[in-house]
Amino acid sequence: SLAVVYDTQSVIKKAFQVTGVPHHFLVNPKGEIIWETAGILAWDAPASHDGLLKLLEMENQAQESESSE
């Protein structure tokens with residue numbers, strides 16, 4: 001599942017220069033933003049699901065490459 005963070009004090013908004021809401025980020029275990037988008041997103045739509053799976057696969061491959069170096 002995805003963690004949901006509510007930025008009630010606008011800390012994240014200021015740090016990442018978010019100008020509108022909603023704004024979505026995917027952050028890897030290293031704390032790096034690997035994807036972001038602004039606006040309404042249908043997380044349960046097939047295209048969103050497929051896109052998230054591709055991102056996760058790419059991130060896993062990158063981590064595996066780093067660990068084998």
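The legends below describe close-up views of a predicted model.

Residues are numbered from 1 along each chain as its sequence is written, and side-chain values use heavy atoms, with hydrogens and water left out. Because the model is predicted, local features need pLDDT of at least 70 and side-chain atom pairs count only at pLDDT 80 or more, whereas totals for chains, interfaces and linings use all residues.

Figure 1. On a 1 Å grid over the protein atoms alone, a pocket is an open set of points where a 1.4 Å probe fits, with protein on both sides within 12 Å along at least five of seven lines, and lining residues have an atom within 4 Å of a point. Ala3, Val5, His23, His24 and Phe25 are the closest to the pocket centre among the 30 lining residues. Two or more lining residues come from each of α1 (11-15), β1 (23-27), β2 (33-38) and α2 (46-68); helices (H or I, at least four residues) and strands (E, at least two) are DSSP runs, numbered from the N terminus. The most is given by α2, with 7 residues. By class, the lining has 20 nonpolar, 7 polar and 3 charged residues, where Ala, Val, Leu, Ile, Met, Phe, Trp, Tyr, Cys and Pro count as nonpolar, Asp, Glu, Lys and Arg as charged, and the others, Gly among them, as polar.

**Figure 2. His23 in strand β1**. His23 is partly exposed, at 25% relative accessible area (buried means under 20%, exposed over 50%, and partly exposed in between, with a 1.4 Å probe and protein chains only). Beyond its neighbours within four places in sequence, His23 is in contact with Val18, Glu36, Thr37 and Ala38, contact meaning heavy atoms within 4.5 Å. The side chains of His23 and Glu36 are joined by a polar contact of 2.7 Å. A polar contact is a pair of N or O atoms within 3.5 Å; within protein, one must be able to donate a hydrogen and the other to accept it, and residues adjacent in sequence count only if both atoms are side-chain atoms. The C-alpha atoms of His23 and Thr37 lie 5.9 Å apart, with the two residues 14 apart in sequence.

**Figure 3. Asn28 in the loop between β1 and β2**. Asn28 has a relative accessibility of 6% and so counts as buried. With neighbours within four places in sequence left aside, Asn28 is in contact with Ile34 and Glu59. The side chains of Asn28 and Glu59 also make a polar contact of 2.8 Å.

**Figure 4. The aromatic pairs**. A pair of aromatic rings is described by the distance of the centres and the angle of the planes. Rings of Phe, Tyr and Trp (its six-membered ring) pair if their centres lie within 6.5 Å; planes under 30 degrees apart count as stacked, over 60 as edge-to-face and the rest as tilted. The count by this rule is 2 aromatic pairs. Phe16 and Phe25 form a tilted pair, because their ring centres are 5.2 Å apart and their planes stand at 45°. Phe16 is partly exposed at 43%, and Phe25 is partly exposed at 23%. Trp35 and Trp43 form an edge-to-face pair, because their ring centres are 6.0 Å apart and their planes stand at 75°. Trp35 has a relative accessible area of 25% and is partly exposed; Trp43, at 29%, is partly exposed.

Figure 5. Not counting residues up to four places away in sequence, Trp43 touches Leu2, His24, Leu26, Trp35, Ser48, His49 and Leu52. One of these, His49, is found in helix α2 and is partly exposed at 43% relative accessibility. The C-alpha atoms of His49 and Phe25 are separated by 15 Å, the residues being 24 apart along the chain.

**Figure 6. Backbone geometry at Ser10, Gln17 and the Val21–Pro22 bond**. Most residues other than glycine have a negative phi, and most peptide bonds are trans. Ser10, in the segment before α1, has a positive phi near 65° and is partly exposed at 25%. Gln17, in the loop between α1 and β1, has a positive phi near 55° and is exposed at 68%. Pro22 also lies in the loop between α1 and β1, and a cis peptide bond with omega of about -5° joins Val21 and Pro22.
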